[in-house]
Amino acid sequence: MAEPRKIFLCGAICALLMTSPAAWAQSDSLTYDVYAGGIHALSAHLVLQERKDNYTVDLRSQTYGFLKKLAPWSGEFSSEGWIKKDGKLQPQKHKSASKWRGSLESKEFLYTKTGEFLSYKVEEKGEDKTPSEKEIKTLGAGTTDILSAT
């Protein structure tokens, strides 16, 4: 009689976990391989996650094979934010980090929930390279997605 109880208990725990908020998230994953002149030049992996009222987008990419030996580059780009009641996406943060021949550069853009640009930070080779306040306002104006921000 103890064996059926264990099976029932395991089933109940699985059902509980499947209905947890983490299970409500919708996630899509895409992998891209880019070829140039028949040579596998770049690999990229994109993950899109949507939850009840927020989202994340993560893209990781790097040169591949022979090109990686000639031009070793990699990048990680992410965007996260809120999903408004009308279904539009409102970014909270955009981050990018790219590495070229071992040298790392990272950027971060922050926004308010109403879409106002808050801040911008740049770091190169471990040093703060954030531009002046005047330049930052110009850089942040009109940025709405991961590509316009980086």
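1. First, a term: two strands count as paired if DSSP finds at least two bridges between them. Strands themselves are DSSP runs (E, at least two residues), numbered from the N terminus. With that in hand, look at the hairpin of β1 and β2: two residues sit between the strands, and G37 takes a positive phi near 60°.

2. Some housekeeping: this is a predicted model, where local features need pLDDT of at least 70 and side-chain atom pairs count only at pLDDT 80 or more, while totals for chains, interfaces and linings use all residues. Residues are numbered from 1 along each chain as its sequence is written, and side-chain values use heavy atoms, with hydrogens and water left out.

3. Now the pairing. β1 (residues 26-36) and β2 (residues 39-50) run antiparallel, joined by eleven bridges. Within this pair, V34 faces L42 of β2.

4. β2 also pairs with β3 (residues 54-63), again antiparallel, through nine bridges. Here V47 stands opposite D58 in β3. These two strands make a hairpin as well, with three residues between them.

5. Have a look at the surface too. L30, Y32, V34 and L48 make up a nonpolar patch with about 310 Å² of accessible area together (Shrake-Rupley method, 1.4 Å probe, only the protein chains shown counting as cover for residues). Patch members need over 30% relative accessible area and no salt bridge (a Lys or Arg side-chain nitrogen within 4 Å of an Asp or Glu carboxyl oxygen); nonpolar side chains (Val, Leu, Ile, Met, Phe, Trp, Tyr) are joined within 5 Å, like charges within 9 Å. Strand β1 gives the largest share, three residues.

6. Back to V34, which is found in β1. Its relative accessibility is 37%, so V34 counts as partly exposed (between buried, under 20%, and exposed, over 50%; 1.4 Å probe, protein chains only).

Notes. Helix = DSSP H or I, 4+ residues; strand = E, 2+ residues; numbered from the N terminus.
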